[in-house]
Amino acid sequence: MSKLFSIGEVLIDFIPEQNGVALKDVVSFERAPGGAPANVAAAVAKFGLESSMITKLGDDAFGDFLIEQLTNAGVETNKISRTKEANTGLAFVSLKENGERDFSFYRKPSADLLLSKEEIDEKWFSEGDILHFCSVDLVESPMKEAHRTAVQFMKKKGGLVSFDPNVRLPLWESPTDCRNAIHEFLPHAHIVKVSDEELEFITGIHDVDKAIDSLFVGDVQVIVYTKGAAGADLYVRDAKWESAGYKIEVQDTTGAGDAFIGGFLFKLLEAEATLDNLLIVLQEHHEDILKFANASGALTASGKGAISALPNKTQVLELMGRG
């Protein structure tokens, strides 16, 4: 069976023990493993398929904790290197009453940004595999070049490339730098996930359909447009499919989008999707794929934390059966 590879940040999310409080007023936090690419890798593993994380962690206790948590989730960690040159990244999160988040990141730099292109091995990848990445680690750093190399190797081997911009403006010198990095890497992906909160920022276009259409550049074949509780729409160049979300009691939206795309990519791996048959797989199975992805995101939002709140496949199928 093919494998998912995620490249990018793995960090500690410090989740407040009080909701509806500004970050400056939070008294105590609970640590949780996080980082969007890691969340996606963990989702695929918890659903029952192979996944592997490509990153670098500090040679510190937080790095030890993350390796342990990823291993417990079933993620392959032998492509995670360690360094004494920087610490493992940290993110402090404030939860509003509706479960939405405010972030404060500690990484100047964090260890993940030191992963170099020389540490990426072409032999890791095979046809049928999927490489997933986000924009957080596309700041100017060795890690940006590692991303570029991993994408080149995966495409050379005939695998699929998935990109979730996952905009986090506090991590950038300016919004323009973030937008430019996204547009630099966008044409090299086959699958792009974008949220309703990010679309206009990325494209500069207010009209949703026109904004989506502008994302079909380079190698992009598929756009997944997520709308939170309202579900998601799936676009290919000549078709669009809509799906409804699931009604749940939101506890924490951290990782919900990652669980969604994790569920989406899991279903593609399960269907043995390749670049040659990707559009056929989506045409035939889009309803099931979107339902599974929506249920994955909803269940994660009903828990607290990211990796710790991820459901298993049985739980997702149960929610789908009730929908």
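Which backbone oxygen does the side chain of Ser-296 reach? It is the backbone oxygen of Phe-292, at 2.7 Å. This is a predicted model, and the distance is computed from it.

Ser-296 sits in helix α8. Its relative accessibility is 0%. Buried means under 20%, so Ser-296 counts as buried. Leave aside residues up to four places away in sequence, and Ser-296 touches Phe-47, Ala-259, Gly-263, Pro-311 and Val-316.

Stay on helix α8 and look at Asn-294, another residue of this helix. Asn-294 has a relative accessibility of 7%, so it counts as buried. The side chain of Asn-294 makes a polar contact with the side chain of Ser-243, at 2.9 Å. Ser-243 is also one of the residues that Asn-294 touches beyond four places in sequence.

Now turn to Lys-291. This residue lies in helix α8 too. Is Lys-291 buried, exposed or partly exposed? Its relative accessible area is 36%, so Lys-291 is partly exposed. Beyond four places in sequence, Lys-291 touches Tyr-246 and Met-320.

The largest nonpolar core has 57 residues. Within this core, Phe-264, Leu-265, Leu-268 and Leu-282 touch the most other members. Helix α8, residues 278-301, supplies the largest share of the core, with 10 residues. Take Phe-264 as a way in. Not counting residues up to four places away in sequence, Phe-264 touches Ile-191, Val-224, Leu-234, Leu-282, Ile-289, Leu-290 and Ala-293. There is also a second, separate core, made of 49 residues. Val-139, Phe-163, Ile-182 and Phe-201 are among its members.

How does helix α8 meet helix α7? Two packed helices are described by the angle between their axes and the distance between the axes. Helix α7 spans residues 256-270. The axes of α7 and α8 come within 7 Å. They cross at roughly 145°, and the crossing is right-handed. What kinds of residues form the contact of α7 with α8? There are 14 nonpolar, 5 polar and 2 charged residues.

Glu-272 is found in the loop between α7 and α8. Its phi is positive, about 55°, although Glu-272 is not a glycine. At 54% relative accessibility, Glu-272 counts as exposed.

Two further loops deserve a look for their backbone. Asn-166 lies in the loop between β9 (160-164) and α4 (175-185). Phi of Asn-166 is near 45°, again a positive value in a residue other than glycine. Asn-166 has a relative accessible area of 9%, so it is buried. Glu-272, by contrast, is exposed.

The last stop is Pro-109, in the loop between β7 (101-106) and β8 (130-134). A cis peptide bond joins Lys-108 to Pro-109, with omega about -10°.

Conventions:
Residues numbered from 1 in each chain as written. Predicted model: local features only at pLDDT ≥ 70, side-chain atom pairs only at ≥ 80, totals over all residues. Heavy atoms only, no water. Core = buried A, V, L, I, M, F, W, Y, C linked by side-chain atoms within 4.5 Å. Buried < 20%, exposed > 50% of the residue type's maximum accessible area, 1.4 Å probe, protein only. Helix = DSSP H or I, 4+ residues; strand = E, 2+ residues; numbered from the N terminus. Contact = heavy atoms within 4.5 Å. Axes fitted to C-alpha atoms, helices over the stretch in contact; angles between N-to-C directions. Left-handed = near helix turned anticlockwise from the far one by under 90°. Nonpolar A, V, L, I, M, F, W, Y, C, P; charged D, E, K, R; others polar. Polar contact = N/O pair within 3.5 Å; in protein donor to acceptor, adjacent residues only side chain to side chain.
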